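Subject: Structure for you to look through

Hello,

Here is the structure I promised to hand over. Please open it and keep it on screen while you read my notes below.

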Amino acid sequence: MGNIDESFFQETEHRPKQSTIEAENIPLIDLSPILTSVSLNSSSEITNLVAQIGDACQKWGFFQVINHGVPSTCREKIERASKEFFLLPTEEKRKVSRDEDNPLGFYDTEHTKNVRDWKEVFDFVVENPTLLPASHEPHDMELMELKNQWPNFPNNFRETCEEYAQGIEKLSYKLVELIALSLGLSSKRLNSYFKEQTSFMRLNYYPLCPIRDLALGVGRHKDSGALTVLAQDDVGGLEVKRKTDGEWIQVKPIPDAYIINVGDIIQVWSNDRYESVEHRVIASSMKERFSVPFFFNPSHYVMVEPLEELTNEESPAKYRAYNWGKFLTTRNLSNFKKLNVENVQIYHFRNGDL
């Protein structure tokens with residue numbers, strides 16, 4: 001990453017602690033009932049699974065899943081392709097660099113909360129092309145097409161990424177259906193929001209960090225989309241802020257498990273029944289780390305607001321509606337460069353009289 005500069009330095013209160021708490025109690029959920037069921041209609045196994053999902057979303061906002069139906073060979077292939085790509089010479093990776101006009105491809109100067117992250121990334125969308133607003137200005141109706149750009153090396157990189165994305169997309173729909181059931185909704189209640197989805201996949205590479213006491217792989221943040229499905233390697237480093245006491249808890253890697261977290265959109269849809277939780281990634285001075293998150297996001301024209309079925313006179317809507325595409329375009333801009341203003345967050349749309 002070249003010479004170290006102060007843009008990596010976290011504020012003192014946000015720097016990693018020397019000791020970490022490992023979370024043995026982040027829920028681990030067995031999804032095998034959905035593999036054997038034709039539908040998610042009530043059975044004792046599905047009912048129990050839905051209860052576990054709801055409990056995990058309410059208490060943690062995070063959980064891990066096993067027996068999820070994604071072939072392990074598919075995951076092994078993308079992890080191998082990711083390592084091969086990031087170990088290419090920097091000038092080769094920069095042939096597919098992203099910029100302000102196209103936020104897809106390779107990038108090594110991303111900021112989280114205006115502090116630079118100790119990582120490199122490669123992003124691609126699931127639906128190619130993907131439509132998004134051309135600007136964050138509210139009255140600008142122009143749309144732009146986001147198109148994936150693929151490197152020449154490693155071989156079969158595009159095919160590997162697209163195959164993996166298809167498997168994770170299927171899993172994401174199943175998880176959203178289980179979450180809908182846990183909220184007392186019909187299983188397909190949320191599916192239409194993803195008809196022309198803006199979902200994207202990210203390959204993360206965290207190089208060795210000689211200043212791990214000052215920097216973070218990714219600074220503290222909440223995910224702005226609906227759902228995140230993360231594959232992390234055996235190095236670990238993901239930390240979740242525990243809701244009960246605010247402590248940072250390290251998520252222990254479990255072979256072939258996926259880490260799931262609800263994003264801001266599900267928090268708003270659920271009218272705060274479920275909460276999007278802060279998390280971060282600790283950098284390592286001992287071992288490189290690789291991870292692959294999938295961000296499951298609705299179409300650009302979706303107006304995000306509390307679902308009608310989950311609001312009433314006793315529990316009025318806690319958020320005003322906001323346009324997801326405009327929200328995402330604003331966030332993309334702030335990821336690209338350090339801004340002099342606070343990044344847009346869902347609490348900016350909170351109803352003030354509640």
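Start with helix α2, residues 44-59. It has 16 residues, and at 1.5 Å a residue they should span 22 Å; the end C-alpha atoms are 22 Å apart, so the two agree. Bear in mind that this is a predicted model.

Which residues of α2 are buried? They are Ile46, Leu49, Val50, Ile53, Gly54, Ala56 and Cys57. These residues cover an arc of only 165 degrees around the axis, so they sit on the same side of α2. Ser44 and Lys59 are exposed, and they lie on the face of α2 turned away from its buried side.

What covers the buried residues of α2? The cover includes two helices, α1 (32-36) and α5 (157-182). It also includes the strands β2 (28-30), β3 (62-66) and β15 (258-262). After α2 comes Gly61, with a positive phi near 80 degrees.

**The eight-stranded sheet**

Now turn to the sheet. It is open and has eight strands, in the order β2-β3-β15-β12-β17-β10-β7-β4. The pairing is mixed. β2 and β4 (105-107) are the edge strands, and each of them pairs on one side only. On average, neighbouring strands of this sheet are turned by 25 degrees against each other, direction ignored. α2 packs on the sheet and touches β2, β3 and β15. The direction of α2 makes about 160 degrees with that of β2.

A reminder on pairing: strands of a sheet pair through backbone hydrogen bonds, either parallel or antiparallel. You can find both kinds here. β2 and β3 run parallel and are joined by three bridges. Asp30 has Ile66 of β3 as its bridge partner. β3 and β15 pair in the antiparallel sense, over four bridges. There, Phe62 has Asn261 of β15 as its bridge partner. β3 is mostly covered, with four of its five residues buried.

Further along, β10 and β17 (residues 289-296) run antiparallel and are joined by five bridges. Phe200 has Phe295 of β17 as its bridge partner. Helix α3 (residues 72-86) lies across β4, β7 (120-125), β10, β12 (227-232), β15 and β17. α3 runs at about 55 degrees to β10.

**Arg202**

Is Arg202 buried or exposed? Its relative accessibility is 8%, so it counts as buried, because the cut-off for buried is under 20%. The side chains of Arg202 and Asp123 are joined by a polar contact of 2.7 Å. Arg202 also touches other residues, among them Arg98, Glu110, Lys119, Ser291 and Phe295.

**Strands β13, β14 and β16**

Last, find strand β13, residues 238-241. β13 pairs with β16 (residues 279-281) in the antiparallel sense, over three bridges. Val240 has His279 of β16 as its bridge partner. Three bridges also join β13 to β14 (residues 248-251), and these two run antiparallel. Lys241 has Trp248 of β14 as its bridge partner. β13 and β14 form a hairpin with six residues between the strands. In this hairpin, Gly246 takes a positive phi near 75 degrees.

Best wishes

Terms used: Residues numbered from 1 in each chain as written. Predicted model: local features only at pLDDT ≥ 70, side-chain atom pairs only at ≥ 80, totals over all residues. Heavy atoms only, no water. Buried < 20%, exposed > 50% of the residue type's maximum accessible area, 1.4 Å probe, protein only. Polar contact = N/O pair within 3.5 Å; in protein donor to acceptor, adjacent residues only side chain to side chain. Contact = heavy atoms within 4.5 Å. Expected span 1.5 Å × (residues − 1). Arc of directions from axis to C-beta. Pairing = 2+ DSSP bridges. Axes fitted to C-alpha atoms, helices over the stretch in contact; angles between N-to-C directions. Lists of a residue's contacts leave out its neighbours within four places in sequence.
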